[in-house]
Structure formats: C-alpha cells, structure tokens
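Please keep the structure open and find each residue as it comes up.

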Amino acid sequence: MTYLDPELVYNSYVLFTGADSVTRVIDLTGDVVHEWPYAGVPPRILDPKLNGGRIGDVGVQLSDSGDERGGIYANGTIGQLDWAGERRWEWGTEAPGGAARQNHDWELLPNGNRLVLVTVPRIVPGLGDHVVGDQGLHEVAPDGTIVWSWLAGDHLHEFGFSEAGWAALRETVARDPEDPWGYLEMNSAKTLGPNRWHDADPNSTFAPDNIIISFRKANIIAVIDKATGSPVWQCGPYYSALAGAQHQRISAHKVPRPLDQTSGQHNPHMIAPELPGGGNVLVFDNQGGAGYPPAALGIYAGSRVLEIDPISKEIVWQYTAEDSNLPPWAFFSSFVSNAQRLPNGNTLITEGMQGRLFQVTPQGDVVWEYHSPYLGYGVAGEPEVKQVRVPGVDRLTKTPLVYRSQAVPFEWTPLDPPSKPLPIVDRRDRS
C-alpha cells in the first residue's frame with residue numbers, strides 16, 4: 001500500500017484474486033485478513049441479503065476442465081465457499097459439455113439463481129463453418145438446472161455491425177477459430193436491478209431483470225431484454241467522427257458531453273439507487289485496441305472511467321490520470337479492470353494490467369493506492385502448471401495482473417471491523 005488519506009477514503013475491506021490465483025481480503029493498510037486458495041474471475045463476496053443472511057461466502061472457480069486449449073475454455077466448475085473454505089454450492093459437471101466454461105462474470109440473483117457468463121463452442125450463423133467460442137448467458141437454479149439461456153451469436157445481426165465490421169468479424173474467426181477468448185470477448189453481464197428509470201416508467205427499457213453486457217472486442221455496451229433476448233439500448237460499436245479519439249485531453253470539468261469512442265471497455269453496470277449517481281452507468285473504458293473494424297485511438301494511450309446518463313447518453317463524470325494532475329499514460333490498462341461506486345461518492349478503480357487498486361474522490365483525488373505484490377502467469381486456474389499465457393504475449397511473463405477488485409462492507413464478513421484508526425501513509429515514488 002503506497003498511499004492512504006484517512007480523512008477522505010471510504011473504509012472497507014477489498015477483495016481480489018492475485019495473479020498467483022489466490023483470492024484475498026485485505027484491509028486498507030494492505031494487510032491480508034483472509035484468503036482462499038482459489039481464483040475468481042471475478043471473485044465476489046456475496047451480499048448477505050441475497051444469501052439467506054449468511055456472511056462471508058465467496059464465489060470462485062473451483063476446478064479445471066482439463067481442456068488443453070486453456071484460456072476461458074479451461075474452467076470446469078464454479079461455486080460458493082463459506083468463510084472457512086467449505087463448499088456450499090458447485091456447478092459445472094451438469095453443464096452442457098460437462099464443464100461450466102464460466103468466464104469474466106457471474107451474479108447471484110434475488111431469486112436465488114445465478115446468472116453465469118459462459119463460452120459455448122459452436123458454429124455461429126453468418127461467421128463461416130468453423131467451431132468458435134461463442135459467448136452467452138445461463139441462468140442456473142440452485143439445483144444446477146439451466147432455466148434460461150442466451151447466446152450472442154444468435155443476435156449478431158441486431159448489434160449494428162457495418163459491412164466492413166462483418167468482414168472483419170469473419171476474417172478474425174477464419175484466422176483463429178480456436179481463440180479461447182472468443183470473437184466478441186463478452187466480458188461482463190449484470191442485471192440492471194432496481195433503478196429510477198424503471199420506477200418512473202415501468203414500461204421503460206430498464207426493467208430490473210434486463211441485463212447490461214459488454215463486448216470487449218466489438219466496443220459494444222448493450223442492455224438485453226430478458227424476455228426477447230434482443231438489445232433494447234446500446235452504445236457503440238461506432239461513434240461519429242466528431243466524437244474523436246482525443247478524449248484523454250478533455251478533463252473532468254468538460255461534462256456533460258456526448259459519449260465518445262469507447263474501446264475494449266469492461267464491467268459496465270448500473271449504479272445502485274442508494275449510491276451517488278444511482279441509475280447512471282459506470283464503465284471502465286480501457287482504450288485498448290478493439291473494434292470491427294478497429295477503432296481509431298488517441299496518440300497518448302490512457303484509460304478512463306466514465307459515468308454515463310443512459311437516457312441522454314452523455315458522460316456526466318469521468319476519471320482520467322489528468323484529473324490527478326498526471327499525464328494520460330499514467331493510468332492505463334488495455335485489458336481487464338473495473339470501477340465500483342462507493343457510498344461516500346468515491347470510486348474504487350482496478351487498473352488491472354498493472355495490479356494497481358486505488359480509490360478516487362469525485363474531484364479525481366487519489367485517496368488510497370495499493371499495488372498487488374502477488375505475481376503469476378495468469379488470472380485463474382493453475383497458471384504455473386498449465387503455462388497460461390497472457391493474451392497477446394508470445395512468451396511467458398510474470399505479471400501482477402488483477403482482473404477485478406470488490407470493496408466489501410465490514411458487515412459482510414465474520415470479522416470485527418478494524419479497531420485502530422487508519423494511518424496517514426504516503427510512500428509514492430515521485431521521482
């Protein structure tokens with residue numbers, strides 16, 4: 001931990017899986033207060049209100065499928081562990097093909113079912129005769145039964161790809177049909193949950209059961225109607241030339257303004273109604289290379305966190321490195337990463353490629369910063385045994401990569417809240 005401002009920080013535990021495939025809970029001083037020897041993609045401590053009042057249960061990946069292709073195909077079973085590490089629920093062997101193939105996201109729903117993002121090897125209509133990694137969603141009941149499914153490949157024609165986009169999609173699939181990360185790389189799926197838009201208009205597109213998804217490789221954020229499976233709200237894949245790629249040079253006070261080109265984004269979700277910004281969409285815009293065809297990006301590579309009004313599709317708040325008086329490239333993760341709004345209005349950010357977790361105020365001041373010291377070759381499974389490579393890297397390299405982190409309220413764990421006041425810490429290297 002390199003920086004802590006006890007006056008401005010929101011105090012909580014923080015959960016994440018290190019690149020060594022161990023899931024840990026830390027306090028804001030960086031001390032590990034609990035861990036499980038499993039990876040989560042992502043890990044998530046469950047809200048006791050959705051978990052029958054139980055506290056301290058975590059969702060992780062539990063076993064490997066044995067698929068030699070690795071990547072997102074390799075997941076065998078997923079499940080729920082209690083604080084002591086005992087298995088409370090496990091699913092995967094009863095899934096189609098005998099493996100969960102869960103990747104990138106999952107969610108425990110209010111009805112007790114789980115929404116699981118999965119990969120399905122199959123021939124996708126319109127993309128040729130190759131078996132590819134299509135991605136989709138299963139809603140899984142507690143007894144393991146799949147009660148609802150959705151596949152992205154069945155709806156490609158609804159997402160607005162241009163002729164050049166279709167050509168690029170087909171070329172990508174033909175070039176590498178066994179790409180374990182999928183031709184769209186769907187990297188998040190969340191139900192919208194209760195929200196002010198639906199409260200104001202029960203016939204709106206923002207029904208609580210509808211699902212907001214992200215296609216990383218296609219630069220699409222969309223809301224899927226749970227009943228029909230069709231997109232009813234969408235940003236991307238294309239933006240007007242006036243929306244340009246130089247947004248890294250636009251500081252946070254230049255809002256609201258129309259949403260401009262996102263690229264390689266992660267974890268769009270609707271902010272819960274009880275939090276500041278409730279009803280808006282929060283997303284980590286990586287600005288990593290992506291798009292069919294590839295989006296034009298700015299000269300100065302830098303990521304950003306965006307808060308979007310879903311009605312006007314305007315950026316109403318953003319965070320870039322420049323909002324902390326740093327050059328844009330000081331905050332950059334071309335893949336993975338996420339952002340989470342906190343009760344005091346701060347935002348917890350995972351700069352995943354760097355293994356950096358930090359918290360910013362609405363004004364962009366960094367009030368907590370932590371760098372994961374846990375190195376490994378991958379983000380899940382047994383990377384040192386399986387020799388999993390980071391996508392796009394042709395040699396094995398150790399990394400501190402963190403996929404996502406989660407701010408965890410103290411009362412969601414069996415631990416007593418920290419009794420000591422938070423210290424002032426400043427170990428940042430300003431050289």
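1. Is Trp-329 buried or exposed? Trp-329 counts as exposed because its relative accessibility is 53%, and the cut-off for that label is over 50%. The model is a predicted one. Trp-329 sits in the loop that runs between strand E21 (314-319) and strand E22 (338-341). Together with Ile-299 and Tyr-300, Trp-329 makes a nonpolar surface patch of about 380 Å².

2. The loop between E21 and E22 also holds Val-336. Val-336 is not a glycine, yet its phi is positive, at about 50°. Val-336 counts as buried because its relative accessibility is 9%, and buried means under 20%.

3. Glu-185 is another residue to check for its backbone angle. Its phi is near 50°, a positive value in a residue other than glycine. Glu-185 lies in the loop between helix H1 (163-175) and strand E13 (186-191). With a relative accessibility of 11%, Glu-185 counts as buried.

4. Now look at E21 and its partners. Strand E20 (304-309) and E21 run antiparallel and are joined by 5 bridges. In this pairing, Ile-308 stands opposite Ile-315 in E21. E20 and E21 form a hairpin with 4 residues between them, and Lys-313 in the turn has a positive phi of about 55°. E21 also pairs with E17 in the antiparallel sense, over 2 bridges. Which residue of E21 is the bridge partner of Arg-257? The partner is Ile-315.

5. Two peptide bonds deserve a look. The bond from Val-255 to Pro-256 is cis, with omega near 0°. Pro-256 lies in the loop between strand E16 (231-235) and strand E17 (257-258). The bond from Tyr-292 to Pro-293 is also cis, with omega near -10°. Pro-293 is found in the loop between strand E19 (281-285) and E20.

6. Strands of a sheet pair through backbone hydrogen bonds, either parallel or antiparallel. What is the order of strands in the open sheet of 6 strands? The order is E22-E23-E24-E25-E1-E27, and the pairing is antiparallel. The edge strands are E22 and strand E27 (425-426), as each of them pairs on one side only. Within this sheet, strand E1 (residues 3-4) runs antiparallel to strand E25 (residues 366-371), and 2 bridges join them. Tyr-3 has Glu-369 in E25 as its bridge partner.

7. The largest nonpolar core has 29 residues. Those that touch the most other members are Leu-137, Trp-150, Phe-161, Tyr-183, Ile-213 and Phe-215. The elements that give two or more residues to this core are strand E10 (114-123), strand E11 (131-140), strand E12 (146-151), H1, E13, strand E14 (211-215) and strand E15 (220-224). Which element gives the most to this core? H1 does, with 4 residues.

8. A second, separate core has 18 residues, among them Leu-4, Ile-26, Leu-357 and Val-402.

9. His-104 is placed in strand E9 (residues 102-108). His-104 is buried because its relative accessible area is 4%, and the limit for that label is under 20%. How many residues separate His-104 and Gly-376 in sequence? They are 272 residues apart in sequence, and 18 Å apart in space, C-alpha to C-alpha.

10. Glu-411 counts as exposed because its relative accessibility is 57%. Glu-411 and Val-147 are 264 residues apart along the chain, and their C-alpha atoms are separated by 32 Å.

Notes
Residues numbered from 1 in each chain as written. Predicted model: local features only at pLDDT ≥ 70, side-chain atom pairs only at ≥ 80, totals over all residues. Heavy atoms only, no water. Patch = residues over 30% accessible without salt bridge, like charges linked within 9 Å, V, L, I, M, F, W, Y side chains within 5 Å. Areas by Shrake-Rupley, 256 points an atom, 1.4 Å probe, with all protein chains shown as cover. Salt bridge = Lys/Arg side-chain N within 4 Å of Asp/Glu carboxyl O. Buried < 20%, exposed > 50% of the residue type's maximum accessible area, 1.4 Å probe, protein only. Pairing = 2+ DSSP bridges. Core = buried A, V, L, I, M, F, W, Y, C linked by side-chain atoms within 4.5 Å.
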